[in-house]
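Please read the numbered points with the sequence and the model in view.

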Amino acid sequence: MSELNATAELLELEKRGLQELQALTDEPALRAWHTKYFGDKGEMAGALRKVGTLPPTERKGYGQEANRIKQVLTDAYDQALAKAKENALLASLSESPLDVSLPGRPTRHGRVHIATRIMREIYGIFSDMGFQIHRTREVEDDLNNFEYLNMPPHHPARDMWDTFHTTTPGVLLRTHTSPGQIHVMREFCPQPIRAVLPGMCYRYEAITTRSEIQFQQVEGLVIGPNVTMADLKGTITAFARRLFGQERQIRIRSSYFPFTEPSIEVDIDWPKEDPNADRLTKGTGWLEIMGAGMVHPTVLRNGGYDPDQVSGFAFGMGPQRITMLKYAIDDIREFWKNDLRFLQQF
Ligand code: FA5
């Protein structure tokens with residue numbers, strides 16, 4: 001083939017390419033055009049392959065012309081594509097005009113779960129009193145959950161805590177946060193301790209409006225020289241008044257826990273103005289909020305302390321029950337149901 005013919009073909013290609021491009025207005029058609037001319041097997045590639053058929057002296061001139069045309073077509077394509085995109089945007093804007101006077105779509109705000117909120121409130125109160133927060137494990141062994149707490153195997157008091165056992169002998173889900181007392185004592189002995197130990201507990205119990213198989217507890221532990229029952233009373237009173245109101249009274253009843261001696265249960269008076277007061281307090285005007293007592297000498301010893309040198313008090317409360325009192329919630333099962341209608345009230 002002579003260069004003359006070949007160059008004429010090239011010019012013809014340029015003319016055709018530009019003409020076709022002019023007729024196209026939308027992006028998919030433009031992209032198809034690009035494949036036709038610039039694809040691996042496209043027209044440009046075909047034209048460039050012809051270089052090989054030309055006499056060597058003519059190849060340079062042909063190649064330069066081919067490159068010029070390639071550039072012309074590429075520029076024209078880029079412009080046409082940009083124009084097509086702009087037109088598409090303008091068309092979509094005019095099709096569904098933006099009405100700036102319409103009210104915005106409300107965004108939903110997440111909120112902290114009521115169980116977490118009450119825990120934070122409790123931490124805040126005890127932090128102000130100089131307590132540290134200490135987490136302990138949920139999967140426990142029999143030694144810490146029972147034995148070191150003064151409940152040897154077959155001790156009848158174990159029946160107070162219906163237990164989920166694992167398939168590994170001696171390994172269980174903690175039934176209360178009290179085993180945390182042993183962990184903290186062993187970690188910090190012989191230093192004095194003022195700590196709250198929050199966390200999830202598990203009991204193999206019938207689920208009722210007041211009892212779940214999974215619930216939180218907050219344990220308190222204070223150990224040092226001359227810690228007395230008066231300190232326990234003062235701490236609990238200050239706590240109850242911060243949480244429920246300064247005018248509140250507490251009442252202490254004697255009780256039994258193997259790991260405290262003496263053991264007590266703490267009630268809070270319930271405002272008579274509350275229409276639910278009679279039902280909640282079963283007519284007594286008082287509601288139980290926690291178990292507590294002076295740490296038993298055996299437990300102090302198991303923790304590494306000398307009961308002749310130090311004494312301590314401990315308490316354990318159920319934040320779910322406390323929240324139920326504070327917000328008049330009548331069914332504990334609401335806490336873990338994840339029903340937004342319940343959760344969004346707080
Ligand atoms: C105990 O678990 C003792 N470890 C508390 C304690 C600690 C006493 C330190 C002395 C010294 P009790 O079983 O009463 O005690 O549980 C304490 C609190 O946990 C209860 O007052 C209640 O608020 C909460 N609780 C117990 N069982 C459940 C349950 N099934 N569902 C929800 N809350 C519960």
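1. In this predicted model, the ligand is surrounded by 24 residues. The closest of them are His176, Ser178, Arg203, Glu205 and Glu212. By class, this shell consists of 9 polar, 8 nonpolar and 7 charged residues.

2. Polar atoms of the ligand may be examined one by one. A nitrogen atom of the ligand lies 2.8 Å from an N or O atom in the side chain of serine 178. At glutamate 212, a polar backbone atom is 2.9 Å from a nitrogen atom of the ligand. Glycine 318 also takes part through its backbone, where a polar atom is 3.2 Å from an oxygen atom of the ligand.

3. How much of the ligand does the protein bury? Taken alone, the ligand exposes 670 Å², and the protein buries 94% of that area. As to location, the ligand sits in the largest pocket.

4. At least two residues of the shell around the ligand come from each of strand S5 (214–224), strand S8 (286–295) and strand S9 (311–317).

5. Turning to the whole protein, its secondary structure comprises 12 helices and 9 strands. The radius of gyration is 40 Å, whereas the globule rule gives 20 Å for 346 residues; the value is well over that figure, so the protein is more spread out than a compact globule. Along the principal axes, the C-alpha atoms fill a box of roughly 115 × 50 × 35 Å.

Note on methods
Residues are numbered from 1 along each chain as its sequence is written. This is a predicted model: local features need pLDDT of at least 70, side-chain atom pairs count only at pLDDT 80 or more; totals for chains, interfaces and linings use all residues. Side-chain values use heavy atoms; hydrogens and water are left out. A residue is near a molecule or strand if one of its heavy atoms lies within 4 Å of it. A polar contact is a pair of N or O atoms within 3.5 Å; within protein, one must be able to donate a hydrogen and the other to accept it, and residues adjacent in sequence count only if both atoms are side-chain atoms. Accessible areas come from the Shrake-Rupley method with a 1.4 Å probe; for residues, only the protein chains shown count as cover. On a 1 Å grid over the protein atoms alone, a cavity is a set of points where a 1.4 Å probe fits but cannot get out, and a pocket is an open set with protein on both sides within 12 Å along at least five of seven lines; lining residues have an atom within 4 Å of a point. A molecule sits in a cavity or pocket if more than half of its atoms lie within 2 Å of its grid points. Helices (H or I, at least four residues) and strands (E, at least two) are DSSP runs, numbered from the N terminus. Ala, Val, Leu, Ile, Met, Phe, Trp, Tyr, Cys and Pro count as nonpolar, Asp, Glu, Lys and Arg as charged, and the others, Gly among them, as polar. The radius of gyration is taken over C-alpha atoms; the globule rule is 2.2 Å times the number of residues to the power 0.38.
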